[in-house]
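The following exercises concern a predicted model. Please work through each task with the sequence and the structure at hand before reading the solution.

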Amino acid sequence: MVAKRDHALRITALDRQATAHGLSSGMTVADARAIVPNLEVVQANEAADFRLLERIADWCGGFTPFVALDPPRALLLDITGAAHLFGGEAALLDQIRAELARRGFTVRGAIAGTAAAARALARYQNGAIAPPEQDAELITRLPVEALFLDPATTHALRRAGLKTIGQVAARSRTELTARFGSRMVFMLDHALGRAELPITPRLPAPDYRAEKRFAEPVISREGILATLAALARSLAAMMERQGVGARALEAFFFRSDGAVRRIAIATAAPTREAGIIARLFREKIDALADPLDPGFGFDMIRLCASRTERIETCPSDFETEAERQREIHFLIDRLSARFGSGRVLLFQPNNTHIPEAAFVLVPAQFAKPMQEAWVAVRNRGEAPRRPLRFFAPPEPVEVMAETPEGPPRQFRWRSALHTVCRVEGPERIAMEWWRYETPRPTRDYFRIEDEQGRRFWLYREGIPGRETPEAPACRWFLQGLFA
Amino acid sequence: MKPAVGIRAKILASLAKAELETAAKRERTPLGHRAADACLGGGLGSGALHEIFAHPGHEAAGSVFAAGLAFRASAEKHFLWIGQDCAARAFGEPAATGLLELGIKPARMLFVRLAHVADVLRAANDALSSAALGAVVIEIPKNPKVLDLVASKRLALAAARSGVAAFLLRLQANPEPSAAETRWQVRGLRLPADAETWGLPLIEAELVRNRHGRTGRWVMEWNGDDGCFREPHAAHSGALVSAAFDRSAA
């Protein structure tokens with residue numbers, strides 16, 4: 001495999017045969033061809049390789065949720081506390097290596113107390129399992145390349161006569177820092193287990209999780225839903241002990257062929273009702289555009305509560321009100337799970353005179369209590385000044401008026417001609433000049449009733465003679481319909 | 001999806017049973033208009049399906065009628081408005097400021113905006129299963145095939161079970177058989193020539209079908225301050241038509 005590096009086509013990966021001929025990674029293709037004239041060369045596709053690494057990482061999630069990518073070809077798994085589930089560290093390592101080998105990958109693996117030590121051992125001592133607190137002993141025997149420093153520093157170490165990590169460690173720290181930099185010393189400490197550098201897992205650690213593995217992979221919808229219900233009950237019990245409820249939940253489905261699918265739901269208020277959680281997942285799964293395909297079955301299903309909040313327990317006086325609120329939240333959550341949270345909306349006020357900006361629609365699941373109050377435009381006893389049905393953006397209309405600044409006599413909207421029988425207005429609304437880069441023209445709004453009793457909300461854009469002196473005529477728009 | 005004949009028979013049977021059980025105990029929401037309320041036997045029944053047809057061009061009047069009824073039926077609870085993207089493009093979207101001007105608190109409305117009418121019906125059935133809402137307004141433009149007699153019976157049954165009032169707002173639609181308890185035809189009216197100011201919303205509402213009583217036609221105005229429909233302020237000598245002929249339910 002070749003890719004462009006440092007202005008030349010170099011080898012990035014090679015098979016055993018090529019190595020046997022004396023080729024190595026980093027060598028230019030020209031040099032390589034000089035040694036092996038009939039060399040088969042394939043352009044590396046680094047994006048595809050990365051995606052493959054991600055998919056293997058997804059599969060590794062079945063062993064532990066803490067998986068970090070170590071591109072281009074490595075993965076780091078934090079198996080703290082997980083090894084016993086697989087029969088011990090040795091068994092876990094063997095299982096991972098065997099399953100990946102079965103899929104055609106050449107795998108090297110190792111287990112150690114720190115990420116750097118594990119990485120180093122995996123490369124240079126495949127299969128090693130460092131006993132607890134004894135990483136340093138194994139590491140010191142490895143060559144300095146095992147520190148995975150940049151090539152210049154590694155070269156400098158070799159030139160200084162330091163060939164193994166042990167030799168480097170024997171030197172004094174001040175000497176090393178002065179010659180090679182503090183980063184190199186930190187990496188050395190990390191490799192020897194003296195410094196901690198936790199891995200950055202791809203997914204944030206969930207607050208609570210429950211999982212179930214199957215000896216017989218589960219395929220049926222009933223089985224999947226029943227498992228989710230059972231996992232929801234376990235999760236609910238955990239959350240109850242801590243007095244919290246979930247706002248966001250994720251379910252991971254691990255297929256026996258290695259593919260992993262993630263389904264997420266959110267709630268408007270924290271919940272730990274197992275029935276509700278199971279129902280929301282059922283709605284989401286039924287509504288998926290890309291159906292959940294079990295293939296030959298799921299080996300494992302994991303349910304995580306990725307975001308939790310304290311649940312406030314209300315005093316008994318407001319039981320029915322709280323009950324009703326919960327019902328409404330549950331309805332919002334169900335509809336949001338099925339149709340998307342962007343389709344289930346609540347109105348919130350906005351402090352502005354501009355009609356189209358005076359209210360906003362926010363997803364009901366994420367709506368926060370409002371600071372502002374709704375303030376009506378009309379006075380008591382008056383007719384509505386704002387239409388119930390609103391057009392955004394407003395629709396252009398052709399208006400025939402007696403005077404440019406006067407009310408319309410007739411107007412044409414969507415090819416239909418309307419005769420104006422009654423007009424109320426104008427209501428002048430100045431577009432708040434501080435909001436826009438170029439000033440928007442003032443609008444004069446008219447409430448209009450036509451010959452059939454239909455009522456419209458029209459506005460003229462701009463004040464003729466003042467704001468638009470050169471324009472032939474001002475534009476008119478229809479922005480809403482009244483009763 | 002066409003339900004099997006067995007399921008259809010079951011739905012009809014349960015609907016009949018539910019109606020008998022709850023007809024006596026159901027709440028009635030008065031509109032505020034004496035003659036209309038008298039004809040309705042006290043008001044519109046909660047836990048039932050009501051259909052509102054807006055005359056072509058009078059979609060806003062139909063919407064105000066539906067919004068007012070939903071507001072009155074839901075008392076202190078929330079009400080749900082289910083709209084469709086195509087209706088928003090054609091007739092505009094419900095606006096919070098418009099509701100506020102009508103005296104309806106926008107915070108009480110939950111708005112669901114969907115793309116397909118099948119989704120609208122599914123959401124409506126789901127919403128009607130919960131007694132936490134006071135009313136549900138379902139906007140349906142034109143005459144979609146999925147809204148057939150069985151679908152409307154399903155809605156009516158769901159409403160009957162939960163006690164929530166359901167309003168089908170039919171826009172640019174032709175009347176067709178449905179399981180609704182009442183059917184209205186609504187349009188806006190011109191203010192009388194002698195009226196000086198721009199008055200309150202004036203609506204002509206014709207009750208064309210009533211399962212539990214007679215039909216009629218009334219002119220009402222919506223009073224936002226009191227939150228009710230009322231006889232219009234000025235006397236319209238020619239316009240008040242209260243035709244009470246006995247058209248039995250179809």
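**Exercise 1.** Determine the strand order of the open four-stranded sheet in chain A, and state which strands form its edges.

*Solution.* Step 1: the strands of this predicted model are arranged in the order β5-β8-β6-β7 of chain A, and their pairing is antiparallel. Step 2: β5 (208-218) and β7 (260-271) of chain A each pair on one side only, which identifies them as the edge strands. Step 3: from one strand to the next, the twist averages 15°.

**Exercise 2.** Describe how β6(A) pairs with β8 of chain A and with β7(A).

*Solution.* Step 1: β6 (residues 244-255) and β8 (residues 298-310) of chain A are joined in the antiparallel sense by 11 bridges. Within β8(A), A:Cys304 is the residue opposite A:Glu250. Step 2: between β6(A) and β7(A) there are eight bridges, again antiparallel. Here A:Ala251 has A:Ile263 of β7(A) as its bridge partner. Step 3: β6(A) and β7(A) make up a hairpin, with four residues between the two strands. In the turn, A:Gly258 has a positive phi of about 105°.

**Exercise 3.** Which strands do helices α11 and α12 of chain A lie across?

*Solution.* Step 1: α11 (residues 221-242) of chain A lies across β5, β6 and β8 of that chain, at about 155° to β5(A). Step 2: α12 (residues 274-286) of chain A lies across β6 and β7 of chain A, and its angle to β7(A) is about 130°.

**Exercise 4.** Characterise the contact between chains A and B, including the strand pairing across it.

*Solution.* Step 1: the contact involves 45 residues of chain A and 47 residues of chain B. Step 2: on the chain B side, the elements that each supply at least two residues include α3 (59-74), β6 (109-114) and α6 (117-128). Step 3: this side of chain B consists of 27 nonpolar, 11 polar and nine charged residues. Step 4: β9 (residues 344-349) of chain A pairs with β6(B) in the antiparallel sense over three bridges, and A:Leu345 has B:Phe111 as its bridge partner in β6(B).

**Exercise 5.** Why do the buried residues of α6(B) line one face of the helix?

*Solution.* Step 1: α6(B) has 12 residues and spans 16 Å from its first C-alpha to its last, close to the expected 16 Å. Step 2: its buried residues are B:Val117, B:Val120, B:Leu121, B:Ala123, B:Ala124, B:Ala127 and B:Leu128. Step 3: viewed down the axis of α6(B), these buried residues fall within an arc of 165°, and therefore they line one face.

Terms used:
Residues numbered from 1 in each chain as written. Chains lettered and ligands numbered in written order. Predicted model: local features only at pLDDT ≥ 70, side-chain atom pairs only at ≥ 80, totals over all residues. Pairing = 2+ DSSP bridges. Axes fitted to C-alpha atoms, helices over the stretch in contact; angles between N-to-C directions. Contact = placed C-beta atoms within 7 Å. Nonpolar A, V, L, I, M, F, W, Y, C, P; charged D, E, K, R; others polar. Expected span 1.5 Å × (residues − 1). Buried ≥ 20, exposed ≤ 12 C-beta atoms within 10 Å, placed from the backbone. Arc of directions from axis to C-beta.
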